[in-house]
Amino acid sequence: MPKKTIQSVDVAGKRVLIRVDFNVPMEGSSITDDRRIQAALPTIRSVIDRGGKAILMSHLGRPEGTGHEAAYTLKPVAERLSEILGKPVAFPGQEPGDGATAAAVEQMSDGDVLLMENLRFAKGEKKGDAEFAERLASMGDAYCNDAFGTCHRADASMVALPRAMQGKPRAVGFLVEREIKFLSETLANPAHPFTVVLGGAKVSDKLPAIEHLLPKADSILVGGAMAYTFLAALGKSVGDSRVEKDHIPGAQRIIDQAANAHTDLHLPQDHVACTQFNASGDIEVFEETIPSGFMGLDIGPKTQTAYANVIRGSKTIVWNGPMGVFEMPPYRIGTQQVAQAIAEATDAGAVSIVGGGDSAAAVEKFGLADRMSHVSTGGGASLEMLEGKAFEALSQIDNA
Ligand code: AMP
């Protein structure tokens, strides 16, 4: 069932509590990347342009939860937002929901914007506390969740707050609407051939997503360190590559499920390996097996070509996790080739969905983000959605 969106809420004259994700990277008091602020603008503008009062709430970093901490104040975010919007952004109080915040909310006129202090200064936020949520709820006539990166969490502003606002409009913002559309709705009914590309460091993190997507997928392409646990399950020697021994049975189960479901499970057939986990040891390409003394750090050239061919023939592609240690130039090529092939498939009409975290960072680095259908803004939330998990935060939102 699609969720109510902010667009369909009559916000004129209303106090709209908007949970955003302003957890921006900071160096001291400077914001080093304001994309998360930019990403929330369509929702904020939609509310103020229609005469609503936008009351913004976010967390930033990991304060103790015992009151105001200067190192985690959202003040620089309020200032940047004010610059971008070209209008004042009220930033009252020492803690979210305190008396000064309530007084400032009372004074808001239609079209005004206010940002509360860091939600995690209140100890009730991480605890999902109902009393804290009630205090916030008393300040709003409507609720909007546009914080996708936090949607898998049960923090008070995500779950207890919309629960406390039952009977008032509760909607998702444009960002969350788009994430659900791609990560949930598109993948529930993908155009075929449907290819799932998974990589990254830990197979244990990705097994639930593979299991969920496998019955629908035509091909699964595995790269990154996680491939070595699969190869170990097949009895191949992988040298000193990273293997999660405890998860060899899980990898074996996936191999069996893929065979039963007639899903092509592709594993690397060659490897770029090194004697050390860095770029300065001896680097060699090995086919099939990796001798001891070497660890696999990227998919090899044959695998790159094979994976790119499968991707180019796909109509839906979902990708989560790099194919190698892409942070180091000698082990970047596998990830780059996969990203390039996904961009070409998208140009040719495929739908491509890139999970957040490292794969999103990789497509940004390669200058390919704009050629993807969707690059998720959530790391953990995006992976959990690929696992098919239902989010309590979203179940509190009204249906459309
Ligand atoms: P994840 O957060 O699980 O998606 O993992 C991303 C990390 O996996 C990146 O920092 C990569 O450097 C790392 N990674 C990818 N391939 C390998 C590999 N073959 N060996 C060790 N680490 C890897």
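Predicted model: local features only at pLDDT ≥ 70, side-chain atom pairs only at ≥ 80, totals over all residues.

Next I picked up A225, where a backbone N or O atom is 3.3 Å from a nitrogen atom of the ligand. For E327 I looked at the side chain, and an N or O atom there lies 2.5 Å from a ligand oxygen. I then checked the cover: on its own the ligand has 510 Å² of accessible area, and the protein covers 82% of that.

I listed the residues around the ligand and got 16, with A201, K206, G296, E327 and D358 coming nearest. By class, I have seven nonpolar, five polar and four charged residues in that shell.

On to the largest pocket, which holds about 880 Å³ of space. I find 32 residues lining it, and R35, E364, V375, S376 and T377 are the closest to its centre. Which element gives the most to this lining? I get α1, with five residues. Both domain 1 (6-175) and domain 2 (182-386) supply at least three lining residues. I sorted the lining into 13 nonpolar, 10 polar and nine charged residues.

Last entry: the second largest pocket, at about 530 Å³. Its lining has 24 residues, and I note I180, S184, E185, M385 and L394 as the closest to the centre. Here α7 gives the most, with eight residues. My class tally for this lining is 13 nonpolar, five polar and six charged.

Definitions and conventions. Residues numbered from 1 in each chain as written. Heavy atoms only, no water. Near = heavy atom within 4 Å. Polar contact = N/O pair within 3.5 Å; in protein donor to acceptor, adjacent residues only side chain to side chain. Areas by Shrake-Rupley, 256 points an atom, 1.4 Å probe, with all protein chains shown as cover. Nonpolar A, V, L, I, M, F, W, Y, C, P; charged D, E, K, R; others polar. 1 Å grid on protein atoms, 1.4 Å probe; cavity = no way out; pocket = protein on both sides within 12 Å on 5 of 7 lines; lining within 4 Å. Points joined across faces, edges and corners; volume = space filled by probe spheres on them. Helix = DSSP H or I, 4+ residues; strand = E, 2+ residues; numbered from the N terminus. Domains from an automatic or database assignment.
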